[in-house]
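Open the model in your viewer and keep the selection panel at hand. The tour goes from one selection to the next.

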Amino acid sequence: LCLQVPELEKATVRIRQPERVRGIIRSLREQGVAKLQVISDFDMTLSRFGCNGRRCPTSHNILDTSHVISEDGKKKLKDLLHHYYPIEIDPNRTLEEKRPLMVEWWTKAHELLVQQKIHKGDIAQIVRESEAMLRYGHRDFFDQLHKNNVPLFIFSAGIGDILEEIIRQANVFHPNVNVVSNYMGFSDDGVLTHFKGPLIHTYNKNNTVLQGTGYFQQLSTRTSIILLGDSMGDLTMADGVPSVENILKIGFLNDKVEERRRKYLDSYDIVLESDETLDVVNGILRHILAE
């Protein structure tokens, strides 16, 4: 397989069942481009986790730390992060335990943001001034999919308005990109008043929040899936697909690598440890999409 996808030789790559992965990639290639779709998380999956030894911001962090948030607001949002993030990534807690706590976190954070009277017109500048970065190789990733008319579904527990702006400013927001996320609701004069439902958090990224969107139904012939995520919650993102023939799950293991490695290897077909690039994904796509 490494002959066909040399990127799999990278030191960051871990695969528990190489034979199985080889089979899935072969099937994806045989099924061809007309059957393929990509379903991806955004924060820390398409965007970078770290840069020069520092954490890169998520779409929520970009807003939380921007000039439009008061010092008091920043402190409260940071306190929420320090309280709930360890719970989110704790390998010893069950999803049942985590879900209500994530709803609590997102709800409190969104309420705090609404209090800040954020203006819609400020979003582009907030993103421009932020340290948001898409992973190395993002242009190749977005452009390959666009050129081959492969739908890219971005399923994010982040803030849709912010992440769309990041993609737009990177000049890769092509017509084949569809986003489902937490979107802001603005008053007639452009002030944030609420977040539109349903609330999407790390552990409910599945069919329950896609009711009525009909997105996957329209793509019912696209039964080959590449799924990209960075958390256990991302594994259910393809649950709404009516029939899946082949699915390759690629997981970015960004944080607490040692203690979470086993769980990721049990759940994802390919695990990329502390890899800030889309090299492996791009290599697999090149192989599948090659004439």
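Select Lys 76, Leu 77, Leu 80, Leu 81, Tyr 84, Tyr 85, Ile 87 and Glu 88 in helix 3. They meet a set in helix 4 that includes Leu 101, Met 102, Trp 105, Trp 106, Ala 109 and Leu 112. Contact here means heavy atoms within 4.5 Å. This is a predicted model, where local features need pLDDT of at least 70 and side-chain atom pairs count only at pLDDT 80 or more, while totals for chains, interfaces and linings use all residues. Residues are numbered from 1 along each chain as its sequence is written, and side-chain values use heavy atoms, without hydrogens and water.

Now show helix 3 (residues 71-88) and helix 4 (residues 95-115) whole. Their axes lie 10 Å apart, at an angle of about 165°. Helix 3 is therefore roughly antiparallel to helix 4 (angles over 145 degrees count as such). The crossing of helix 3 past helix 4 is left-handed: the near helix is turned anticlockwise from the far one by less than a right angle.

Next, select strand 5 (residues 152-159). Eight of its eight residues are buried, so strand 5 is largely enclosed by the rest of the structure (buried means under 20% relative accessible area, with a 1.4 Å probe and protein chains only).

Pairing takes at least two DSSP bridges. Pick Phe 153: Ile 39 is its bridge partner, and Asn 178 in strand 6 stands opposite Phe 153 too.

Finish on strand 6 (residues 177-182), parallel to strand 5 and joined to it by five bridges.

Conventions. Buried means under 20% relative accessible area, exposed over 50%, partly exposed in between (1.4 Å probe, protein chains only). Helices (H or I, at least four residues) and strands (E, at least two) are DSSP runs, numbered from the N terminus. Axes are lines fitted to C-alpha atoms, for helices over the stretch in contact, and angles run from 0 to 180 degrees between N-to-C directions. Angles under 35 degrees count as roughly parallel, over 145 as roughly antiparallel, 65 to 115 as roughly perpendicular and the rest as oblique.
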